[in-house]
Amino acid sequence: MKVLFTGIQPTGLLHIGNYFGAIRNWVELQYKYKSFISVVDLHAITIEYDPREMEDNVFELALGLFACGIDLEKTTLFVQSEVTGHADLTWIFNTVTPLGELERMTQFKDKAKQHRKNVNIGLLDYPVLQAADILIYKGEIVPVGEDQVQHVEFTREVARRFNARFGDTFPECQAELTATPRVMGIDGQSKMSKSKGNFIAVLESREEIWKKLAPAPTDPARVKRSDPGTPEKCNIYFYHQLVTPEPELSEYIAHGCRTAGIGCLDCKRKLLDNLMKVLDPIQERYSDLAARKGEVRDVLEANAETCREVAGRTMLEVKEKMGLRPVWKV
Ligand code: SF4
């Protein structure tokens, strides 16, 4: 089985953009690849954060991922900072990475603008840590959205450079593009995110979600209920495509919108029904897992131990090839 690696930051809240844009895909892929999924807390500290919230955010995210369908037994879900090899390999990769390449990364430029008061080295070095995250497990498959393809290409380049200098060690990983395009926020203006406040959380109740859906913008052409609309111009229709099966999607939603056979509120109610068919089982699993926190902690600890072993073997190989005394212990 090929090795898959992916990571997610502990922002303290899972929203449906995370679920439909990435996690749902990971749940399917975990049966096809040997999967390592990391809660990447070392990435999260490159921007301002509250240390008092970090531990809860990390654990809540792990619970949420398991509730979404990440398999407790099959998939190695772990916390990044529990495995020191990630930082060790980052330092080594730093020495084969030209500064100019990091400065050209789109995400660094965007983040440097967003966090002008804290443009730290970690922000610049983020892609090198990502490369270390993937390659320390000799990851071959990286499931990403289009905005992350540049980072996977960067990781391939790091592997090529290291292999050329010190001998064949790392695979050149492949991006496995998520079928779902980026999920826009409920405002329809920008990508769904916690910081923009335009999210629907995976654990929100039906009532809370309705409060967000009811006033959400739709196709502006539908001023009155009798005005026909164009579903492709409407963010609500995009959400329908994620949860509403055929033929209901084409025959009731799209056709109803074009012919003014349904109103926007009818359409949103149907969306709510179909969305809750996905979220209800997740919320039930979450409640069940939240009542068994000790077991979940044990799984995370065992997974971290597995990762330390794999990472330790890679680091020994790397250090031997680099002429460094292999003192790093598993
Ligand atoms: Fe959007 Fe549905 Fe209204 Fe059409 S009917 S504009 S798809 S909310």
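## Pockets, cavities and salt bridges in a predicted model

The second largest pocket has a volume of about 310 Å³. Two elements, α3 (51-68) and α13, each give two or more residues to the lining of this pocket. The lining is made up of D41, E55, D56, V58, F59, V79, S81, E82, R297, L300, E301 and A304. By class, that is six charged, five nonpolar and one polar residue. Please keep in mind as you read on that this is a predicted model.

**The ligand and its cavity**

Searching the whole structure gives three cavities of 30 Å³ or more. The largest cavity has a volume of about 110 Å³, and 14 residues line it. Of these, R222, C234, C257, C264 and C267 are the closest to its centre. Helices α10, α11 and α12 each give two or more residues to the lining of the largest cavity, and the largest share, three residues, comes from α12. Sorted by class, the lining of the largest cavity has nine nonpolar, two polar and three charged residues.

Where does the ligand sit? The ligand is found in the largest cavity. Around the ligand you will find T218, D219, R222, C234, I236, Y237, C257, C264 and C267. The shell around the ligand counts six nonpolar, one polar and two charged residues.

**The second largest cavity**

Here the volume is about 40 Å³. The second largest cavity is lined by M105, Q107, F108, K111, L123, Y126, P127 and H151, with α6 (106-114) and α7 (121-135) each supplying at least two of the lining residues. Five residues of the lining of the second largest cavity are nonpolar, two are polar and one is charged.

**Salt bridges**

How many salt bridges are there? The count comes to 21 salt bridges. Three of them are set out here.

| Pair | N to O distance |
|---|---|
| E172 and R160 | 2.8 Å |
| E248 and K270 | 3.1 Å |
| E305 and R308 | 3.0 Å |

Take the salt bridge between E172 and R160. R160 belongs to helix α8, while E172 lies in the loop between α8 (149-166) and β5 (174-177), so the pair ties together parts that are 12 residues apart in sequence. E172 is partly exposed, at a relative accessible area of 34%, and R160 is partly exposed too, at 28% relative accessibility.

The next pair is E248 and K270, whose side chains meet in a salt bridge. What does this pair tie together? E248 is in helix α11 (residues 248-258) and K270 is in helix α12 (residues 264-290), so their contact ties together parts that are 22 residues apart in sequence. E248 has a relative accessible area of 22%, which makes this residue partly exposed. K270 also counts as partly exposed, with 24% relative accessibility.

E305 is partly exposed, at 34% relative accessibility. Elsewhere, salt bridges that share partners join E101, E153, R156, E157, R160, R161 and E172 into one network.

**Backbone points to check by eye**

Most residues other than glycine have a negative phi, and most peptide bonds are trans.

The peptide bond that joins E246 and P247 is cis, with omega at about 0°. P247 is part of the loop between α10 and α11.

K138 is not a glycine, yet its phi is positive, at about 55°. You can find K138 in the loop between α7 and β4 (141-144).

A260, also a residue other than glycine, has a positive phi near 60°. A260 is placed in the loop between α11 and α12. Are K138 and A260 buried or partly exposed? K138 counts as partly exposed, with 24% relative accessibility, whereas A260 is buried, with a relative accessible area of 14%.

Conventions. Residues are numbered from 1 along each chain as its sequence is written. This is a predicted model: local features need pLDDT of at least 70, side-chain atom pairs count only at pLDDT 80 or more; totals for chains, interfaces and linings use all residues. Side-chain values use heavy atoms; hydrogens and water are left out. A salt bridge is a side-chain nitrogen of Lys or Arg within 4 Å of a carboxyl oxygen of Asp or Glu. Helices (H or I, at least four residues) and strands (E, at least two) are DSSP runs, numbered from the N terminus. Buried means under 20% relative accessible area, exposed over 50%, partly exposed in between (1.4 Å probe, protein chains only). A residue is near a molecule or strand if one of its heavy atoms lies within 4 Å of it. On a 1 Å grid over the protein atoms alone, a cavity is a set of points where a 1.4 Å probe fits but cannot get out, and a pocket is an open set with protein on both sides within 12 Å along at least five of seven lines; lining residues have an atom within 4 Å of a point. A molecule sits in a cavity or pocket if more than half of its atoms lie within 2 Å of its grid points. Ala, Val, Leu, Ile, Met, Phe, Trp, Tyr, Cys and Pro count as nonpolar, Asp, Glu, Lys and Arg as charged, and the others, Gly among them, as polar. Grid points are joined across faces, edges and corners, and a volume is the space filled by probe spheres set on the points.
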